Amino acid sequence: MTGFAERVLAALKERGPLCVGIDPHRALLEAWGVGDTLDGLRRFALAATEAIAPVAAVIKPQSAFFERFGAPGVAVLERVIALGREAGAIVIVDAKRGDIGSTMAAYADAYLGAGSALAGDAVTLSPYAGYSALRPALDMAAKHDRGVFVLALTSNPDGAAVQRACSGSGTVAQRILDATASENHGARPLGRVGVVIGATVGALDVDLDALNGPILVPGLGAQGGTPADLARLFGGRPGVIPSTSRGVLRAGPDPAALREATRRTADSVRG
């Protein structure tokens, strides 16, 4: 099997550098006219995935929007993951899990384990119980050739209070990036441990030179991030994955319009 980093880079090259979030939040369900119900969730999520996954390099279903409908909603998430992978998209499950010990090991089994219906190609993780607490997920990703994306500098304004706080010789964000760089050291073409850095973080006051991993960049479009922000923050760095959701999803429910919005947005951020 081709390695996780190779698969990501190949998808970005072939389909364009874009991740589309599959985010069935209440406002979009209502805008699509399907209703804020389990049936509306199913209709929205499957239609969006079937239209977008064949043309987007990456899709990113947000687990919370499925979980709020209980077990039937999680079953829809499982179907979205399967459809996305069948269509050739890289699937990042946006679950932001982070805990310690056996609990983290259980999350690793759920989102990265062999045979788990919740396992896509990668999962987002929160390192704020301590980076070493992520070890079960890091090891599981390596075992099954999947990836993880660790929160470093998020796009919400309040994140800076924690992420830019000083910790030893640098900020918390820099320590997360340095720990990620250690995981990826020597990997080619990139390591399997990525980070999340928002497109709207302002000044990029961290050092990415040693990272050697992919960067998931939420905040493009409706949250205010622009292609100019991507160029300013990351230049021509390989493995940068700009992410949007509403910017594409509001084109629905027409499948052709969703595909066109995906291609148009990918073209706008192509270097």
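The following paragraphs describe the overall build of a predicted protein model and then one of its strands. Local features rest on pLDDT of at least 70 and side-chain atom pairs on pLDDT 80 or more, whereas totals for chains, interfaces and linings use all residues. Residues are numbered from 1 along each chain as its sequence is written, and side-chain values use heavy atoms, leaving out hydrogens and water.

The protein contains twelve helices and ten strands, taken as DSSP runs numbered from the N terminus (helices: H or I, at least four residues; strands: E, at least two). Its radius of gyration, 17 Å, is close to the 18 Å that the globule rule gives for 271 residues, so the protein is as compact as a globular protein of that length; the radius is taken over C-alpha atoms, and the rule is 2.2 Å times the number of residues to the power 0.38. The C-alpha trace spans about 50 × 40 × 40 Å along its principal axes.

Of the 271 residues, 53% are buried (under 20% relative accessible area, with a 1.4 Å probe and protein chains only). Among contacts (heavy atoms within 4.5 Å) between residues at least 6 apart in sequence, 71% join residues at least 24 apart.

Strand β2 (residues 58-61) is covered on both faces. Val58 and Lys60 are buried on one side, and Ile59 and Pro61 on the other. In a regular strand, side chains alternate between the two faces of the sheet. β2 pairs in the parallel sense with strand β1 (residues 19-22) over four bridges, where pairing requires at least two DSSP bridges; Gly21 stands opposite Lys60. β2 also pairs in the parallel sense with strand β3 (residues 90-97), over two bridges, and here Ile59 stands opposite Val91.

Definitions and conventions: Buried means under 20% relative accessible area, exposed over 50%, partly exposed in between (1.4 Å probe, protein chains only).
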